[in-house]
Amino acid sequence: MDITGRKLIVKALQEEGVDTIFGYPGGMVTDIVDELYKQEDKFRLILPRHEQALVHEAEGYARQSGKVGVCLVTSGPGATNTITGIADAHYDSIPLVIITGQVSQGLIGNDAFQEVDIVGMTRSIVKYGVTVNDRKDLGRILKMAFYIARSGKPGPVLVDIPKDIQKANGPSEYPQTVNIRGYKPNTSVHIGQLKRAFKLLRSAKRPLILAGGGIHISRAEKELTAFAEKMQIPVVTTVMGKGAIPEDHPLYIGNSGMHGRYAANIAEMECDLLFSIGTRFNDRITGDLNEFAPKAKIVHVDIDTASISRNVVVDVPVVSDAKLALTNLLEWAEPLETGEWREQISAWEAEHPLDMKKTKGVSPQNIMTSIAKVFGDATYVTDVGQHQMWASQFIPLNGKSRMITSGGLGTMGFGFPAAIGAKAAIRDAGEDRPVVCITGDGGMQMNMQEMATAVCNELPVTVCLINNKFLGMVRQQQQYFYGKRYELVCLNKRPDCPPNCKGPSEACPPYVLDFTKWAGSYGVDAIRIEKEEEILPALEQAAQAQKDGRSMVLEFMVATDEVVLPMVKGGMANSDMILK
Amino acid sequence: MTNKKLKNRWIAMYVENQVGVLAKVSGLFSGKSYNLQSLTVGTTEQEDVSRMTISVLSDDLTFEQIKKQLNSMVEVIKVMDLTDVPIHMKEILYAKIKGVKGEEKQEVFRIAETFRVRICDIGEDSVLIESALTERKNNELLSLLKKQFRHLEVVRGGSVAIESISTSCR
Ligand SMILES: Cc1ncc(C[n+]2csc(CCOP(=O)(O)OP(=O)(O)O)c2C)c(N)n1
Ligand SMILES: [Mg+2]
């Protein structure tokens, strides 16, 4: 018996095991929404307050759960609002299926009300995007969408469904299998290549593992740790790879790259073999490409052929899922003589440890280490800016803790909604792990409307807002590289401020937004922290509140002139670090 | 090792015969700043499959990346590198030469004969040449025509290529 398109869409979501849908309604999805009303008991429907945040929530959900995040938005402005989120998911390889409503086929091309070519607009930021043109293709396309989103290197898939197709009758079957002739994700590993890689490793004197976000995507943390241990090879990570090996592990050095740890960057310069896995060597990791790991032979394991030998010329490429490659390597692993090399690395660490030398007061380092102390095995979700780098430097990931951050696109406004999405995933899994959102006073204001989503959907998170009254990360660039010409970075700036301001003073006007009052208007408790001794009690109170199902906002007032160090200037060699 | 020298390269590629595929492929070239020289597309013996012939100017590394990027597209079924394999390759070119009479017209005929291209239409003071030669030969023909005649209207189709059966030269 034939069924309507809208019925088949809901059936598809059920068969794909979808339990949570992030949806925002509008004219071109009201039919699907109406169908969901009838199946309300089968799904958790979350209504965000903006479609950009909606996608970030789905990203947080997907990153936390490992499942596909599902988004449902209307045509036109609903669809265009998702674009930043889709790009973010694309660059961080997050599996999403985004269903957009579209005007009826007869109207497409007429510049009809709320018609936009969303498939065309997102072509370069989706793994796959398609408009359903024929009701009989609907089931197959949805099946493809989920399969493509989660297989191989995961990514966002957009399915644009015209309104008439949602209403049209057609086949009721949802296919069980897919076969796409142009898409065969790699599910095996070339053992010969892996052997070559292993041989290089075995003959290395100063081997180093560089682990990227691919380790998390493939959930290969245990395998990586076991491999490093068995071979006695030290490990550095990218920002996205942080936590690939527990940070209290003696073989772990730290993050490398633009704001990496001194010892990690120097180890990369000095190693004779770099075993990199699950990273695409983006410019924030490598610095000047000519100076990247200049003494090393490079092995590169990645699921994505196109990521290999793109930015860095590689000696042994291995196309493989990280977990699969590591499982194979583990069978051959044997300890290498790396004692001297590791001592050398420890000496570099002792020379320039990661330490802001300001462990007193409401300093970023103090805040971050206190957060970690109180929340421990939590999911930490950051926004983008200085606070993000401080979090990645000073919150150690051990045990089950993890960090979710926007690495590839660096999207301000990501943190808060992604934290809410992560909490939704934790709740769906029946767990009660805390979620801590670490955000800036700038980035928070990009999606602060989502406080309503957190409250109304009972998704409590702890917001640690690092208020330096500035778009700090850009301010830092201006401080170091633009002669302290602070333009467009002060969030306090008023028309009667003196011209060419060189930084805050007594005369500054009050900060324009009172975050505590703002939180209060949502019925959310908030504390402003201005003294060191207030840090721990506030965090403990917030941790308890989250256990009790309540969000809290902690506004940490930090000095405007705090900076993230070390820092490599964009395009310079990673050895060229500003340390003070 | 890899060659940094820019060189003309050829790809033949099977893709799904669907809307949007051409836009996606050409968008890759513009979006990633690859130097696309020519791109042609048409259906094949299988009606749901199209075949593209693509020419790019690039160094070795970029060309490897282009092939990988194309391969990773869901709609792309198969990518073949024709750069160094024996192929047959032709491009269709029409040249309308206007305002030619008497001796000038005779000159057009002579050129056509020399290049072995067809005169496919003719009027009182204009001649239409139809040429199916390699892109390079067409370039030569065109530069000659440009030198000799002022009023030209030219349309070119871009190259199509297919692998040789016997391993003759290109
Ligand atoms: C959407 C977006 N716009 C602009 C930027 C550029 N940018 C990167 S960090 C930053 C400042 C962030 O300020 P804030 O949220 O206060 O964090 P802080 O650096 O002060 O900790 C800006 C403007 C960006 N990454 N994303
Ligand atoms: Mg700030």
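**Chat: a metal site and an interface**

Trainee: Where is the place of A:K469 in chain A?

Mentor: A:K469 sits in the loop between β18 (462-467) and α21 (472-481) of chain A. Helices (H or I, at least four residues) and strands (E, at least two) are DSSP runs, numbered from the N terminus. Before you go on: this is a predicted model, where local features need pLDDT of at least 70 and side-chain atom pairs count only at pLDDT 80 or more, while totals for chains, interfaces and linings use all residues. Residues are numbered from 1 along each chain as its sequence is written, chains are lettered from A and ligands numbered from 1 in written order, and side-chain values use heavy atoms, leaving out hydrogens and water.

Trainee: OK. What about the phi of A:K469?

Mentor: A:K469 has a positive phi of about 65°, though it is not a glycine. A:K469 counts as partly exposed because its relative accessibility is 32%; buried means under 20% relative accessible area, exposed over 50%, and partly exposed in between (1.4 Å probe, protein chains only).

Trainee: And which protein donors does the magnesium ion (ligand 2) have?

Mentor: A:D441 (OD), A:N468 (OD1) and A:F470 (O), lying 2.1 to 2.2 Å from the ion. Donors are N, O and S atoms within 2.8 Å of the metal (3.2 Å for Na, K and Ca); water is not among the atoms, so sites may look incomplete. In sequence the donor residues are spaced D-x26-N-x1-F.

Trainee: Is A:N468 buried or exposed?

Mentor: A:N468 is buried, at 4% relative accessibility, and A:F470 is buried at 5%.

Trainee: Switching topic: how many residues does each chain give to the contact between chain B and chain A?

Mentor: Chain B gives 20 residues and chain A gives 15, where contact means heavy atoms within 4.5 Å. The two chains bury about 1,400 Å² between them, 51% of it on carbon and sulfur atoms; buried area is the accessible area (1.4 Å probe) that two parts lose on being put together, summed over both. B:K24, B:K68 and B:V74 supply 40% of the area that chain B buries against chain A, more than any other three residues.

Trainee: How many salt bridges does the rule find across the interface?

Mentor: Two, counting a side-chain nitrogen of Lys or Arg within 4 Å of a carboxyl oxygen of Asp or Glu. One of them pairs B:E16 with A:R181, the closest N and O atoms being 2.7 Å apart.
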